[in-house]
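Here is a briefing on a single protein chain. Have the sequence and the model side by side as you read.

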Amino acid sequence: MALRPFAFSVRLRDKGRTLRVRNDPKNPRAYLLEDERPGEATRVRNHGDAPAAVKDAASTWRKRLN
C-alpha cells in the first residue's frame, strides 16, 4: 500500500505581506514557513512537523502588530 503525505497549508496576507505554511516538496514529512514581503527576498524556515510550523507562523504573524 502506498503512503501519501497529509496535505496541509496556511496562507495569511496583509498589506502585501504573505505568510505561508505548506508541505516541503523535498521531504513529505516536513513543512516550510515562507515569509514574503514586497521588495525583500522570501524568508523560508523548515519545520519537522505541522504543529511547530503553525506555532511559528502564529508567532510571526502576531509580531507584525508591534
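Buried means under 20% relative accessible area, exposed means over 50%, and partly exposed lies in between, using a 1.4 Å probe and protein chains only. By that scale arginine 45, at 30% relative accessibility, counts as partly exposed. This is a predicted model: local features need pLDDT of at least 70, side-chain atom pairs count only at pLDDT 80 or more, and totals for chains, interfaces and linings use all residues. Residues are numbered from 1 along each chain as its sequence is written, and side-chain values use heavy atoms, with hydrogens and water left out.

**Overall layout**

- The protein has one helix and four strands. Helices (H or I, at least four residues) and strands (E, at least two) are DSSP runs, numbered from the N terminus.
- Along the sequence the order is β-β-β-β-α.
- Of the 66 residues in the protein, 29% are buried.
- Among contacts with a separation of 6 or more, 18% are between residues 24 or more positions apart. Contact means heavy atoms within 4.5 Å.

**Helix α1**

- Helix α1 spans residues 50–63, 14 residues in all. From first C-alpha to last it reaches 20 Å, close to the 20 Å expected at 1.5 Å a residue. The expected span is 1.5 Å times one less than the number of residues.
- Which residues of α1 are buried? They are Ala50, Ala53, Asp56, Ala57, Thr60 and Trp61. They cover an arc of only 130 degrees around the axis, so they sit on the same side of α1. The arc is that of the directions from the helix axis to the C-beta atoms.
- An α-helix has 3.6 residues a turn, so residues three or four places apart point the same way.
- Pro51, Lys55, Arg62 and Lys63 are exposed on the other side of α1.
- The cover over the buried residues of α1 includes β1 (9–14), β2 (17–23), β3 (31–36) and β4.
- Aspartate 49 caps the N-terminal end of α1, with a side-chain oxygen 3.4 Å from the backbone nitrogen of alanine 52.

**Nonpolar core**

- The largest nonpolar core has eight residues: Leu19, Val21, Tyr31, Leu33, Ala50, Ala53, Ala57 and Trp61. Such a core is a set of buried Ala, Val, Leu, Ile, Met, Phe, Trp, Tyr and Cys residues joined through side-chain atoms within 4.5 Å.
- β2, β3 and α1 each supply at least two residues of this core. The largest share, four residues, comes from α1.
- Alanine 53 touches Val21, Tyr31 and His47, leaving aside residues up to four places away in sequence.
- In soluble globular proteins, nonpolar side chains tend to be buried together.

**Histidine 47**

- Histidine 47 is found in strand β4, residues 43–47.
- Is histidine 47 buried or exposed? Histidine 47 is buried, because its relative accessible area is 16%.
- Its side chain makes a polar contact of 2.8 Å with the side chain of aspartate 56. A polar contact is a pair of N or O atoms within 3.5 Å; within protein, one must be able to donate a hydrogen and the other to accept it, and residues adjacent in sequence count only if both atoms are side-chain atoms.
- Not counting residues up to four places away in sequence, histidine 47 touches Ala30, Tyr31, Leu33, Ala52, Ala53 and Asp56.

**Salt bridges**

- A salt bridge is a side-chain nitrogen of Lys or Arg within 4 Å of a carboxyl oxygen of Asp or Glu. By this rule there are eight salt bridges.
- Glutamate 36 pairs with arginine 20, the closest N and O atoms being 2.6 Å apart. Glutamate 36 lies in β3 and arginine 20 in β2, so the pair ties together parts 16 residues apart in sequence. Both are partly exposed, glutamate 36 at 27% and arginine 20 at 26%.
- Glutamate 34 forms a salt bridge with arginine 22, at 2.7 Å between the closest N and O atoms. This pair also links β3 and β2, so parts 12 residues apart in sequence are tied together. Glutamate 34 is buried at 10%, while arginine 22 is partly exposed at 30%.
- Arginine 45 and aspartate 56 meet in a salt bridge of 2.9 Å, N to O. Arginine 45 lies in β4 and aspartate 56 in α1, so the pair ties together parts 11 residues apart in sequence. Aspartate 56 counts as buried, at 18% relative accessibility.
- Salt bridges that share partners join Arg20, Arg22, Glu34 and Glu36 into one network.
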